[in-house]
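Take a look at the model below. The report starts with one pair of residues and then widens out.

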Amino acid sequence: MGTTPPFTAERLINLRRVSAVVPSPDESWLAVAAARHDPERAKYVSELWRVSLDGSPPIRLTRGASNDRAPRFRRDGALGFLSDRPSGESKAEDDARAQVWVFPPGGGEPVPLTDEPLGVNEFAFAHAGDRLVVLADVLPGVAHEQQRERERERAKKGPSVLRYAAMPARYWDHWRSPAAPHVIAYDAEGNGRRDLTPEADMDFREECEWSLAPDGSTLAITSIRWATDRIEDVSLVLLDTRTGERRALVTADRESATKPVFSRDGRRLACVRHGREKGRHGKPTLWCFDLATGHGRALGAAWDRWPSPVDFTRDGRVVVTVEDRGLVPVFTIDPTDDTVTRITRVEDGGSHERVTLLASDEIIGLRHRATHPPEVFHVALKPDASP
């Protein structure tokens, strides 16, 4: 009987890092993004895997030097993802920017859906509509067809001195780019490009959060603004994905709204709302809006936790994750009476993220512990214990 080899730094480095797990529309398999260590380039490279729910061995869908991540399913079952693999005639290294690619529904090699000059940061397909929305950087005052060439010139011939007219100038480990993120809409096949936010400056920068309505008609997105106390507030706005028309949900001074999530029927929107007063930060509160009227109310306000919404159940409960004694379990909150129900088991421990609700009243996502890397979890949406 063999012995287990010792756990070393090399084994730790070579463990695959799971970053995303998404169920297929028929819920027969999962698209999983997992990063492997590339020792030659001293970096991690993400690949996509097909993991069947019947216990069959996983199948690798992509391989090679490209970084393939953020899997998303289109309503016809086609698997889309972000990749920096070369496309078209240009093979230049400075053109290796992430675009939306898609595997055809019937199988075959992936093809690009977008060709954003400076690449795509995030994207979403409508679950039940003909819509693709992306967040992509755009250089201000430069025509669309000149964006890529202007960025090449800026990178190769631009001044070494960085100039900024407003704060912030730096975000953690990098200087802020002069390009601003814009919200851009297509149809589900990547046609009919429309910039929904042509005047955007830094409204949707690094920590922007969004949710696309199931029919693709509306995008709920967070937007940065300055409050009267010179601290950044986060507005919550609704964007019509065909006209670009805006509708504000949360714009009060010294108040922010984050983590928007649409209900299954698109009639309600959950988010985290957070107000502050002079010298005091208030408690973040789970909030639910009726989009027909614009009215909303706090959910579970008496609960001594800070819930973050991740989905809605078919019967209208809000699925949330909550930091609880150093762990992050999954709960549901019933909007009718604020009943809080724990879903993940206490004995399983761990922190849960990337949570998705299946039509079969089950949830999947990633769970990680201090002694274990992220792994896929799959549990029934049934109560386990009171909080």
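## A first pair of partners

Start in strand β3, where Arg50 is the bridge partner of Ala31. Strands here are DSSP runs of E with at least two residues, and helices are runs of H or I with at least four residues; both are numbered from the N terminus. Two strands pair if DSSP finds at least two bridges between them.

This is a predicted model, in which local features need pLDDT of at least 70, side-chain atom pairs count only at pLDDT 80 or more, and totals for chains, interfaces and linings use all residues. Residues are numbered from 1 along each chain as its sequence is written, and side-chain values use heavy atoms, with hydrogens and water left out.

Strand β2 is joined to strand β3 (residues 43–52) by 10 bridges, and the two run antiparallel. They form a hairpin with 4 residues between them. In that turn, Ala42 has a positive phi of about 55°.

On to β1. Here 6 bridges join β1 to β2, again antiparallel. Pro23 stands opposite Leu30 in β2. These two strands also form a hairpin, with 5 residues between them.

How enclosed are these strands? Buried means under 20% relative accessible area, exposed means over 50%, and partly exposed lies in between (1.4 Å probe, protein chains only). In β2, 9 of the 10 residues are buried, so the strand is largely enclosed by the rest of the structure. In strand β1 (residues 17–23), 5 of the 7 residues are buried, so β1 is largely enclosed as well.

## Rings and charges

A search of the whole structure finds 4 aromatic pairs. Rings of Phe, Tyr and Trp (its six-membered ring) pair if their centres lie within 6.5 Å; planes under 30 degrees apart count as stacked, over 60 as edge-to-face and the rest as tilted. One of the pairs is Trp29 with Phe73: the ring centres are 5.2 Å apart and the planes are at 80°, so the pair is edge-to-face. It links distant parts of the chain, with Trp29 in strand β2 (residues 29–38) and Phe73 in strand β5 (residues 68–73), 44 residues apart. Both Trp29 and Phe73 are buried.

A charge sits over a ring if NZ of Lys or CZ of Arg is within 6 Å of the ring centre and within 35 degrees of the ring normal. Arg72 lies over the face of Phe123, at 5.6 Å from the ring centre.

## Another hairpin

Strand β9 (residues 120–125) pairs with strand β10 (residues 132–138) through 5 bridges, and they run antiparallel. Val120 stands opposite Ala136 in β10. The two strands form a hairpin with 6 residues between them.

## Positive phi in loops

Most residues other than glycine have a negative phi. Glu27 has a positive phi of about 60° although it is not a glycine. Glu27 is found in the loop between β1 and β2. At 23% relative accessibility, Glu27 is partly exposed.

Arg325 is another non-glycine residue with a positive phi, near 55°. Its loop runs between β25 (318–321) and β26 (330–333). Is Arg325 buried or exposed? Arg325 is exposed, with a relative accessible area of 72%.

## A look at Glu353

Glu353 lies in strand β28 (residues 351–357). Its relative accessible area is 35%, so Glu353 is partly exposed. Which residues does Glu353 touch, leaving aside its neighbours within four places in sequence? Glu353 is in contact (heavy atoms within 4.5 Å) with Gly365, Leu366, His368 and Phe377.

Leu236 is 117 residues from Glu353 in sequence. In space they are 22 Å apart, C-alpha to C-alpha.

## The whole chain

The protein chain has 2 helices and 30 strands. Of its 387 residues, 46% count as buried. Its C-alpha atoms fill a box of roughly 65 × 60 × 40 Å, taken along the principal axes.

Among contacts in the protein chain with a separation of 6 or more, 40% come from residues 24 or more positions apart.
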